Amino acid sequence: MTSKWPKLYKGIVTGTNMVFEEIPNFSQTDLRQDAVFVLDMGDELFVWIGEDVTEEERKVTFDIHKHLQPLKASFPQNWVIVMTKQGLEPESFKKSFGTWEPELLAKLRDSDEEKYDALNFNEVEE
């Protein structure tokens with residue numbers, strides 16, 4: 001039997017609203033430094049804020065109760081919301097991802113920057 005929890009949702013900010021997209025079979029590599037995620041643990045919701053999230057996205061995130069209303073029907077009555085930032089994750093959050101590699105997100109960002117630099121390497125200066 002498959003457990004109902006944990007579930008991971010990516011928060012997508014559009015203006016002053018936030019909608020959530022579930023990420024099935026998630027792992028730590030699904031987290032992105034420029035995004036907000038909600039980890040549903042059943043009786044706790046962790047709101048994870050990546051270090052590269054914009055100020056506008058942060059403002060929307062701090063009103064998270066309003067944005068979670070469409071999802072609330074699937075949550076227990078006495079749910080607790082825990083806000084956490086990248087690098088300050090509690091152990092219970094980390095355990096939901098199986099093996100947690102503290103430097104993984106920085107490595108992924110560096111890898112993405114290297115790919116971007118490689119794509120721009122062939123640009124010709126005039």
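Predicted model: local features only at pLDDT ≥ 70, side-chain atom pairs only at ≥ 80, totals over all residues.
Residues are numbered from 1 along each chain as its sequence is written, and side-chain values use heavy atoms, with hydrogens and water left out.

The protein chain has four helices and five strands (DSSP runs numbered from the N terminus, with at least four residues of H or I for a helix and at least two of E for a strand). Read from the N terminus, the order is β-β-β-β-α-α-β-α-α. Of its 126 residues, 34% are buried, meaning under 20% relative accessible area with a 1.4 Å probe, counting protein chains only.

The five strands form an open sheet in the order E2-E1-E3-E4-E5, with mixed pairing; strands pair if DSSP finds at least two bridges between them. Strands E2 (17-23) and E5 stand at the edges with a single partner strand each, so one side of each has no neighbour in the sheet. Further in, E3 (residues 36-40) and E4 (residues 44-49) run antiparallel and share five bridges. Leu-39, for instance, has Phe-46 in E4 as its bridge partner.

What about Thr-84, buried or exposed? Thr-84 sits in strand E5 (residues 80-85) and is buried, at a relative accessible area of 5%. Setting aside neighbours within four places in sequence, Thr-84 is in contact with Val-47, Trp-48, Ile-49, Glu-89 and Pro-90, where contact means heavy atoms within 4.5 Å.

Key: Buried < 20%, exposed > 50% of the residue type's maximum accessible area, 1.4 Å probe, protein only.
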